[in-house]
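Hi everyone, thanks for making time this morning. Let me put the structure on the screen, and then I'll walk you through it.

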Amino acid sequence: MTAGRIDQLTEAQRTCLRLVLTHHNSKEIAALVGVSPSAIDKRIERAIQILGVATRFEAARQLQQHERGGVDEVVPPRDLVATVGQAPTYERLPSEPIDVPSPPPTRQT
């Protein structure tokens, strides 16, 4: 029954869930995909309803398990970002805010 529910997900919802799996928050996903954070939240909420789960992480794990053919393994963030079509400009932790600019480099003499 889960496979039938997963087939009901849109590609946009699947993309969001794949990024949730790599611990991106709605604001970070929105920046990567190019839509508003509220649009991301709506996509994820609808995916949660379709799959009949309680959390975004459960939904993401179900999608991952379906796409991996039942094998549960972790997807590296770099591979996932490449599927979205954008490469990160620098390495960052998932908890690091995406909208905070990097400080300018300082010159040492």
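**A walk through the helices**

So, to start, buried residues make up 28% of the 109 residues in the protein chain; buried here means under 20% relative accessible area, exposed means over 50%, and partly exposed is in between, with a 1.4 Å probe and protein chains only. Please keep in mind that this is a predicted model, where local features need pLDDT of at least 70, side-chain atom pairs count only at pLDDT 80 or more, and totals for chains, interfaces and linings use all residues. Residues are numbered from 1 along each chain as its sequence is written, and side-chain values use heavy atoms, with hydrogens and water left out.

How confident is the predictor? pLDDT is its confidence in each residue, from 0 to 100, and the mean for the protein chain is 78, with 66% of residues at 70 or more. Helix 4 (residues 37-51) has the highest confidence, at a mean of 95, while helix 6 (residues 77-84) has the lowest, at 51. Over residues 87-92 pLDDT stays under 50, and the model has 8 contacts there beyond four places in sequence; a contact means heavy atoms within 4.5 Å.

Now the overall layout. The protein chain has 6 helices and 0 strands; these are DSSP runs numbered from the N terminus, H or I over at least four residues for helices, and E over at least two for strands. If we take contacts between residues at least 6 apart in sequence, 60% join residues at least 24 apart.

Let's go to the core. A nonpolar core is a set of buried Ala, Val, Leu, Ile, Met, Phe, Trp, Tyr and Cys residues joined through side-chain atoms within 4.5 Å. The largest one has 19 residues, and those touching the most other members are L9, L17, I29, I40, I44, L51 and A59. Helix 2 (11-21), helix 3, helix 4 and helix 5 (56-67) each supply at least two residues of this core, and helix 4 gives the most, with 6 residues. Take L17 as an example: beyond its neighbours within four places in sequence, L17 is in contact with L9, I44, A47, L51, R56, A59, A60 and L63.

Just after helix 5, G69 takes a positive phi of about 70 degrees.

H23 counts as exposed, at 53% relative accessibility. For context, most residues other than glycine have a negative phi.

Moving along to helix 3, its buried residues are S26, E28, I29, A30 and L32. N25 caps the N-terminal end of helix 3, with a side-chain oxygen 3.1 Å from the backbone nitrogen of K27. Helix 3 is followed by G34, whose phi is positive, near 95 degrees.

Last stop: V35, in the loop between helix 3 (26-33) and helix 4. V35 is partly exposed, with a relative accessible area of 28%. Setting aside neighbours within four places in sequence, V35 is in contact with A30, I40 and R43.

Methods:
pLDDT is the predictor's confidence in each residue, from 0 to 100. A polar contact is a pair of N or O atoms within 3.5 Å; within protein, one must be able to donate a hydrogen and the other to accept it, and residues adjacent in sequence count only if both atoms are side-chain atoms.
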